[in-house]
Amino acid sequence: MKLLFATVEFLGYAKAGGLADISYSLTKQLKKHIDVDVVVPLYNFAKNKLKIASTEDYEEFLLHKAKLDDVELLCVEEKTLSSTDTIYTDNDVERFIIFSKAIYTIALKHNHDVIHLNDWHTAFAAYLIKKTMKKRVILTVHNLAYQGICNCLPESIGIDKKDFDITTFEYYSKVNLLKGGIAYSDKVVFPSDEFLKESLNSGFGLEGFLSSHKDKLTSILNCIDYDDFNPQTDQALKKNFDSANIKNRWFNKAFLMKKFSLEDKKLPLFAFIGRFTHQKGLDLIIDAIEDLLKKDLNFIMVGDRNSEYFTKLSTIKKENFVLIEKYEEGLARLIYAASDFIIIPSVFEPCGLVQLIAFRYGAIPIAHATGGLKQTIHPINKKQCGMGIVYNNQIEDELITAVDEALDLYKNKQKLLSIRRFNMKCDFSCAQTAQKYLKLYD
């Protein structure tokens, strides 16, 4: 079997969020079983990370075969698509329609059995492919909140008039690229059972449409690469450890606290690692931050300096609070390995990788029970893989209560250690996720 895997993010090359991680980790596992071509846009800001091996001219674009360390990529270069300083811009609909058309051309000229598209950025390719070819198309919806909606004329982007109606692309007289992609794909994958259930009830305006395509919808839980996210070998850590030698974990906490001048090492260390957006629960954190910092704890947050939330948080001057203005992969790994608790107050979460990484590194998640968080994090009184602290309603009092529960747990060192070890032995690796995708491809 030959697979074409299309994504706009890929770890080590261009990353804005979890799509990069899952694209890298999943295709790495799939390549152990089938022939996989990974196609990405060639971003001018990131192309220095690649070694171009060869180039084909397709008139509308150039297709480069490139190497990223030991990973081979197909990279689409086109002026509008490529000439940006970031992955995402104000002109993304036009850019990713160009990318989708390139995916179609590649699928047309190469002998791929299955085309695997990811999110709205590649969804338009499903329409183009199914209109002219008998190839099978799978679309994974990593985040339903982003749909690629535009005011453009359907004909101007290549949609036939007869194909534009409420059953396909039409969305309140606008073009909805994700909706069209779902309509034309053979299978549509959601990254957790819980998020699929939630989407059928309240799917960002697409719940009725999704229900009409219920037979093609399925869910496969997202995953992390256990070779990459491995506290035994991770070079970003001050001291490596595993579940059998977990005491070495403490050296990471001591190093991190010294690095950021957090003085009382006996206090529990809480952390937030994620995008500073409404979806990730930043409004709730800002509402609760004053009360949180009155407690006997230290709190580190890693986010985006260009966010309005960062501006608000930067006014807080407390000895037990650290705000880091830029996400760096190595520092994030160290924080996972050093923190006692990771706060994940997402308003909604299709799957989430933060809790999976936290389990792997011995940090205990505190999370809102929504989507993939609800599916993967289980109360500490239930010995089920992925133990943590969950709260049901996105309100300040419940987050504070969850933090208080964590503080009580921290005092019980034996129980805390037992939960850490138990979670570290759980399997949320991409090996099993890849097997489920392989069955779907078959």
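**Figure 1. Cys 351, a cysteine whose sulfur lies too far from its closest cysteine sulfur, in Cys 223, for a bond.** Welcome to this predicted model. The distance between the sulfur of Cys 351 and that of Cys 223 is 8.3 Å. A disulfide here needs sulfur atoms within 2.5 Å, and 8.3 Å is too far for a bond. Cys 351 is buried, as its relative accessible area is 2%. Another cysteine to look at is Cys 75, which is buried too, with a relative accessible area of 0%.

**Figure 2. Cys 223 joined to Cys 430 by a disulfide.** A disulfide is a covalent bond between the sulfur atoms of two cysteines. In this pair, the sulfur atoms of Cys 223 and Cys 430 are 2.0 Å apart. The link is right-handed, with 90 degrees about the S-S bond. It connects distant parts of the chain, 207 residues apart. Cys 223 belongs to the loop between strand E12 (217-219) and helix H9 (249-259), and Cys 430 belongs to helix H17 (residues 430-441). Are these two cysteines buried or exposed? Cys 223 has a relative accessible area of 1% and is buried; Cys 430, at 2%, is buried as well.

**Figure 3. The disulfide of Cys 385 and Cys 426.** Here the S to S distance is 2.1 Å. The link is left-handed, with -105 degrees about the S-S bond. Cys 385 sits in the loop between strand E18 (378-379) and strand E19 (387-391), while Cys 426 sits in the loop between helix H16 (413-424) and H17, so the bond ties together parts 41 residues apart in sequence. Cys 385 is partly exposed, with a relative accessible area of 34%, whereas Cys 426 counts as buried at 2%.

**Figure 4. Cys 150 and Cys 152, a further disulfide pair.** The sulfur atoms of Cys 150 and Cys 152 are 2.1 Å apart. Cys 150 counts as buried, at 11% relative accessibility, and Cys 152 counts as partly exposed, at 24%. How many disulfides does the structure hold? There are three. If you number the bonded cysteines of the protein chain in sequence order, they pair as 1-2, 3-6, 4-5.

**Figure 5. Strand E7 and its neighbours E6 and E11.** Strand E7 (residues 136-140) is mostly covered, with four of its five residues buried. On one pairing, strand E6 (residues 114-118) and E7 are parallel and share five bridges. Leu 117 has Leu 139 of E7 as its bridge partner. Together, E6, helix H4 (residues 120-132) and E7 make a β-α-β unit that is right-handed. What about the other pairing? E7 and strand E11 (residues 187-190) run parallel, joined by three bridges. In that pairing, Ile 138 has Lys 187 of E11 as its bridge partner.

Figure 6. Asn 222 is found in the loop between E12 and H9. With a relative accessible area of 9%, Asn 222 is buried.

**Figure 7. Phe 209 in helix H8.** Helix H8 covers residues 207-212. Phe 209 counts as buried, at 11% relative accessibility. Leaving out residues up to four places away in sequence, Phe 209 touches Ile 166, Thr 167, Thr 168, Lys 179, Ile 182 and Ala 183. For a sense of distance, take Thr 80: from Phe 209 it is 129 residues away in sequence and 32 Å away in space, C-alpha to C-alpha.

**Figure 8. The second largest pocket and its lining.** Rolling a probe the size of a water molecule over the atoms shows where empty space is left. The volume of the second largest pocket is about 400 Å³. Its lining is made of 14 residues, and those nearest its centre are Trp 250, Asp 340, Lys 413, Leu 416 and Arg 420. H9 and H16 are the elements that give two or more residues to this lining. Which element gives the most to the lining of the second largest pocket? H16 does, with four residues.

Conventions. Residues are numbered from 1 along each chain as its sequence is written. This is a predicted model: local features need pLDDT of at least 70, side-chain atom pairs count only at pLDDT 80 or more; totals for chains, interfaces and linings use all residues. Side-chain values use heavy atoms; hydrogens and water are left out. Buried means under 20% relative accessible area, exposed over 50%, partly exposed in between (1.4 Å probe, protein chains only). Two strands pair if DSSP finds at least two bridges between them. A crossover is right-handed if, with the strands pointing away from the viewer, the path from the first strand over the helix to the second runs clockwise. Contact means heavy atoms within 4.5 Å. On a 1 Å grid over the protein atoms alone, a cavity is a set of points where a 1.4 Å probe fits but cannot get out, and a pocket is an open set with protein on both sides within 12 Å along at least five of seven lines; lining residues have an atom within 4 Å of a point. Grid points are joined across faces, edges and corners, and a volume is the space filled by probe spheres set on the points.
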